[in-house]
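Hi everyone, thanks for coming.

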Amino acid sequence: MIDVALAQRIRLLGLDVDGVLTDNGIFVGPVDGQTVELKRFDIQDGLGHVLMRTAGVPVIWLSGRHSEATSVRARELRVDEVLQVPGPRKLEAFGELLARRGIAWADAAFVGDDLADLQLMRRVGLPIAVANAVAEVKAVATYVTRAAGGHGAVREAIEALLKARGLWPELLERYFSEPAAVRAG
């Protein structure tokens, strides 16, 4: 469970990509003479994004490497912002994003899985680790999902956050009663 008072403070949700939104695997190979990279994303996580947007909480993706597959999926989900920076720059990039948006570190949540996320997770108000995160990340997490990255962990974290905020029944009602165009944002 996520503490209600903590959940109420959260004004932005940051997500790592590889290992959180994906299962950490990538497919790389040639297609028509071009190198192509493919990733598997969990569809339930996508609906979680829609519910967060409906709740008015921006979702940011922060990846430690550039990938066109990440950009394509982010556009599909209309993610508020995508940062693809080298892993060691994640802390700095997220800090700049928070400053630009006028959000304090204590008012941000972040879901991570690996060492590149560790410094950032030590700073945010609500650090969340996926079930298959490394021990160091789990040790600093306030909440650890039961689901592994790429297998609905983001959806689980979003549900836990929205339930702690007391918004879950209202969001489900809106999801089922509003036209699809409204749900999509």
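So, in what order do the strands of the open sheet run? The order is E5-E4-E1-E6-E7-E8, an open sheet of 6 strands with parallel pairing. Two strands count as paired if DSSP finds at least two bridges between them, and the strands (E, at least two residues) and helices (H or I, at least four) are DSSP runs numbered from the N terminus. Strand E5 (81-84) and strand E8 (143-144) are at the edges with a single partner strand each, so one side of each has no neighbour in the sheet.

Quick housekeeping: this is a predicted model, where local features need pLDDT of at least 70, side-chain atom pairs count only at pLDDT 80 or more, and totals for chains, interfaces and linings use all residues. Residues are numbered from 1 along each chain as its sequence is written, and side-chain values use heavy atoms, with hydrogens and water left out.

Back to the sheet. E1 (residues 12-15) and E6 (residues 108-112) pair in the parallel sense over 4 bridges, and Gly-14 has Phe-110 in E6 as its bridge partner.

Next, salt bridges, meaning a side-chain nitrogen of Lys or Arg within 4 Å of a carboxyl oxygen of Asp or Glu. The whole structure has 15 of them. One joins Asp-18 to Lys-39, with the closest N and O atoms 2.7 Å apart. Asp-18 sits in the loop between E1 and strand E2 (27-31), and Lys-39 in the loop between strand E3 (34-38) and helix H2 (43-55), so the pair ties together parts 21 residues apart in sequence.

Are they buried or exposed? Asp-18 is buried at 14% relative accessibility, and Lys-39 is buried at 13%. Buried means under 20% relative accessible area, exposed over 50%, and partly exposed in between (1.4 Å probe, protein chains only).

Another one pairs Glu-76 with Arg-73, at 2.6 Å between the closest N and O atoms. Both lie in helix H3 (residues 68-77), 3 residues apart, about one turn of the helix. Glu-76 is exposed at 56%, whereas Arg-73 is buried at 12%.

Arg-101 and Glu-81 also meet in a salt bridge (3.2 Å, N to O). That pair links distant parts of the chain, with Arg-101 in helix H4 (residues 90-101) and Glu-81 in strand E5, 20 residues apart.

That's the tour, so over to you.
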